[in-house]
Amino acid sequence: MSKLLIVGTVAFDAIETPFGKTDKILGGAATYIGLSASNFDVESAVVSVVGEDFPQEYLDLLKTNNINIEGVEVVKGGKTFFWSGKYHNDLNTRDTLDTQLNVLADFNPVVPQSHKDAEFVMLGNLHPLVQLSVLEQVKNPKLVVLDTMNFWMDNALEDLMKVIEKVDVITINDEEARQLSGEYSLVKAARKIEEMGPKYVVIKKGEHGALLFHKEQIFFAPALPLEEVFDPTGAGDTFAGGFIGYLARTGDISFENMKSAIIYGSNLASFCVEKFGTERMQSLTGSQMNERLDEFKKLTQFETQLD
């Protein structure tokens, strides 16, 4: 069984969409990545930090899903990272209402001894120096995937570039790809980003699917058209968890297998948006996942006669 190391936030979110609102609920990049990857037969561990206010039931939820939490530091007297946001009617745009770093402000990640030899490493969205610190603690991983965002491009670009040159795969959205590369064309953007270090570039386009680039090869996976999207929070992290979870289970990091990993990630993300927060991911079954994978297959496969 492959080992997967996940670094990222384990947090509280308060979310408002056109369909309702929540008080503080479970959130954080590492939480979504871990729950998504738990659908595959991999030995996952999360490296993160929470405050003393973080409920034991949430930690138990991670353990119940076979996620090692030795690397989750609980700071006595501290408060957990908190984010609050409100989505517009199109659900593609949102306003951040509140961000409280709390214990995350002084986070020094410590990789548990059991996962320093992890073959697969997922660097969830965090300060690039935290991501670098994790890379310095692991021994020769087979594949490192990086997720980042425009905030770090604006505020810590020099540190971010140091991380980018050390990873195998970067996952960002289309807006971030354009900002990082200075190119409007996503094909040109991906080529420029590959020159920065990553062998593979995954560009997420939300409800319009995802693109995978490697040298001259390009693959596009659509997002499954859904009747209802309730809350898009965590969909990108769920996608990343499915992507690296599938790769860790198969052990195959070829371009051809990454195409399948993109489909698995997109499939899991389509469940995440159906309810608030992590609620849908907690109740997801293997048979439901397979049924929807069949829908993806019907959506993307066709036969045509070429002259």
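Colleague: Okay, what is the bridge partner of valine 50 in β6?

Modeller: Valine 74 is its bridge partner in β6. Before we go on: this is a predicted model, where local features need pLDDT of at least 70, side-chain atom pairs count only at pLDDT 80 or more, and totals for chains, interfaces and linings use all residues. Residues are numbered from 1 along each chain as its sequence is written, and side-chain values use heavy atoms, with hydrogens and water left out.

Colleague: What makes β5 and β6 a pair?

Modeller: Two strands (DSSP runs of E, at least two residues, numbered from the N terminus) pair if DSSP finds at least two bridges between them. Here 7 bridges join β5, residues 43-51, to β6, so they count as paired. They run parallel.

Colleague: Why is β6 called an edge strand?

Modeller: Because β6 (67-75) pairs on one side only, and so does β14 (217-221). They belong to an open sheet of 9 strands with mixed pairing, in the order β6-β5-β1-β9-β10-β11-β12-β13-β14.

Colleague: And what makes something a nonpolar core?

Modeller: It's a set of buried (under 20% relative accessible area, 1.4 Å probe, protein chains only) Ala, Val, Leu, Ile, Met, Phe, Trp, Tyr and Cys residues joined through side-chain atoms within 4.5 Å. The largest one has 58 residues, and Phe243 and Ile262 have the most contacts inside it.

Colleague: How do you know which residues touch isoleucine 262?

Modeller: Contact means heavy atoms within 4.5 Å. Leaving aside neighbours within four places in sequence, the contacts of isoleucine 262 include Val202, Leu212 and Phe243.

Definitions and conventions: Buried < 20%, exposed > 50% of the residue type's maximum accessible area, 1.4 Å probe, protein only. Helix = DSSP H or I, 4+ residues; strand = E, 2+ residues; numbered from the N terminus.
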